Amino acid sequence: MDIKNMSMEELRRENEALREELKARQAMAEHLASERGLLRTLIDNMPDHIYVKDRSGRFVIANHAAAEGIGVASPAELVGKSDLEFYPLGCGQRFFTDEQQIMKSGQPLIDHIEENVNHAGVRRWFSTTKYPFYGADGQPAGIVGISRDVTLRVNAEEAVRLRNRAIELSGDATVIVGRGSPELPVLYVNPAFERITGFTLEEAQQSGIAGLLEDGEDPAATQALALAMAREEEGGAVLRSWRKDGTAFWNKVRLAIVRDRDGKATHFVYTMSDVSKALDAEQKLEQLASHDELTGLPNRRLLMDRLGQAIAIAQRSNCLLAVSFIDLDRLKFVNDTHGHEAGDRMLRAVAERMAGCVRQSDTVARLGGDEFVLVSLHQVPPAVPGERTHVAELLAKVQEVLAQPLMLGDAPFSVTCSIGVSMYPDDGQDAETMLKHADEAMYTAKKSGRNQVAFYTPPPEGATASADPPAPGC
């Protein structure tokens, strides 16, 4: 432009045009500043970490979330610095390597789950997306990144994974049933369910939860579980269940309810444990605690319990109760002559024979050694003429059965016994007294000769009951 040759009018118009252009540029600058301020406000209020890095991995731009997440007071403290200044070497180097690869390949990293550990040792997880951006020369100039903190989601997913794995590895069977439809469909069974029952998921679905929980021996247990499910309550029961191959097992079932946020039941979770071995062991312990190990008969502990019950029945029903103390003759002779194994065989045979010849309501017990006790109830009133006849007839039957020859080695052996009897209520009104008086009567029978029965007779007034046991070997 040649100002020297321009007229005043032309200079005025040119000056006006320059003024307008300056105003336009100023307005554009203000607009850009406003937009930049809005953009800054926008990214600073985003919960996600937003940042821009140059080719060397140094921060150019970062928002407040990024600064706070990294652990500095403001985004300005990040500018011009790299991740290596804020993260442990391994973590910072991993970020740098990933970003260099993005710029080299031109391929963005989208929704990549990455672990973030800062210098304080705080571990978090982020879903990160990074894009390359380019300069005017078309060469990569850096990366733009957005990272969203997904620590809660990752931890929840990990917790679910661990729970699922724990269920899969559990020794207890797990069955999940849907609550959404009336059919209550079986949705899931874990491997332990198939191992314990033999049924697959498809077979369990065909059978349904009602079929899986059926107990033919104890319908009340099944009904209790069904009632708990109908009421949407937790419950449990021990069922006699059946495997696919037809074998039975004791099944400890527990029911838990899964509810949504509104408290509505959405699923039923059943856990099942094969407790057969535990129950068998418990029953064996109970058997050992209450029964004689050699013969299987009730021991003294169970005898006293049964005798107490029999006394209560006799009181209530006004019937005759007898306690018979039975001592085998010549057990020591058998042990010394044929050995203790033969003596044990004789004791088992005696127990089997006595139990087989009395009524189911009677109790035959072994106190130990060669001593047995028979508790018998008779449907006749006590203290009537001939009351002892009923007892004597039963004991004669016992003696007859025991006398049948028993082979010990090559020779037959006939078992004889001495029996003492006490009667309720004349000879005692409690279990200990009745057993004591029956024992005293048994020694009286021993003194009278083998294979005898003696009823208890109280000593004369002023006399002290003394019944010396017979010498060993009798």
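L39, L42 and M46 together make a nonpolar surface patch of about 270 Å² in this predicted model. M46 belongs to the loop between α1 (8–44) and β1, and with a relative accessibility of 31% this residue counts as partly exposed.

- The side chains of E16 and R19 meet in a salt bridge with an N to O distance of 3.6 Å, and both residues lie in helix α1, 3 residues apart, which is about one turn of the helix.
- Both partners of this pair are partly exposed, E16 at 35% relative accessibility and R19 with a relative accessible area of 40%.
- A salt bridge also links E21 with R25, whose closest N and O atoms are 2.7 Å apart; because the two residues are 4 apart in helix α1, about one helical turn separates them.
- E21 counts as partly exposed at 36% relative accessibility, whereas R25 is exposed, with a relative accessible area of 57%.

**Other salt bridges**
- The count of salt bridges comes to 24, including one between D336 and K332, where the closest N and O atoms are 2.8 Å apart.
- D336 and K332 both sit in helix α10 (residues 331–338), at a spacing of 4 residues, or about one turn of the helix.
- D336 counts as exposed at 55% relative accessibility, because exposed means over 50%, while K332 counts as partly exposed at 42%.

- Strand β1 (residues 49–54) pairs with β2 in the antiparallel sense over 3 bridges, and V52 has I61 in β2 as its bridge partner.

**The covered strand β16**
- Strand β16 (residues 417–424) is mostly covered, with 8 of its 8 residues buried.
- The cover extends to both faces of β16: C417, I419, V421 and M423 are buried on one side, and S418, G420, S422 and Y424 are buried on the other.
- Strand β11 (residues 320–328) pairs with β16 in the antiparallel sense over 8 bridges, and L321 stands opposite Y424 of β16.
- β16 also pairs with strand β17 (residues 453–455), here in the parallel sense and over 3 bridges, with F455 in β17 as the bridge partner of V421.

**Helix α6**
- A210 is found in helix α6 (residues 201–212) and is exposed, with a relative accessible area of 61%.
- A210 and T222 are 12 residues apart along the chain, and their C-alpha atoms are separated by 8.5 Å.

Definitions and conventions
Residues are numbered from 1 along each chain as its sequence is written. This is a predicted model: local features need pLDDT of at least 70, side-chain atom pairs count only at pLDDT 80 or more; totals for chains, interfaces and linings use all residues. Side-chain values use heavy atoms; hydrogens and water are left out. Buried means under 20% relative accessible area, exposed over 50%, partly exposed in between (1.4 Å probe, protein chains only). Two strands pair if DSSP finds at least two bridges between them. Patches are made of residues with over 30% relative accessible area and no salt bridge: like charges are joined within 9 Å, nonpolar side chains (Val, Leu, Ile, Met, Phe, Trp, Tyr) within 5 Å. Accessible areas come from the Shrake-Rupley method with a 1.4 Å probe; for residues, only the protein chains shown count as cover. A salt bridge is a side-chain nitrogen of Lys or Arg within 4 Å of a carboxyl oxygen of Asp or Glu.
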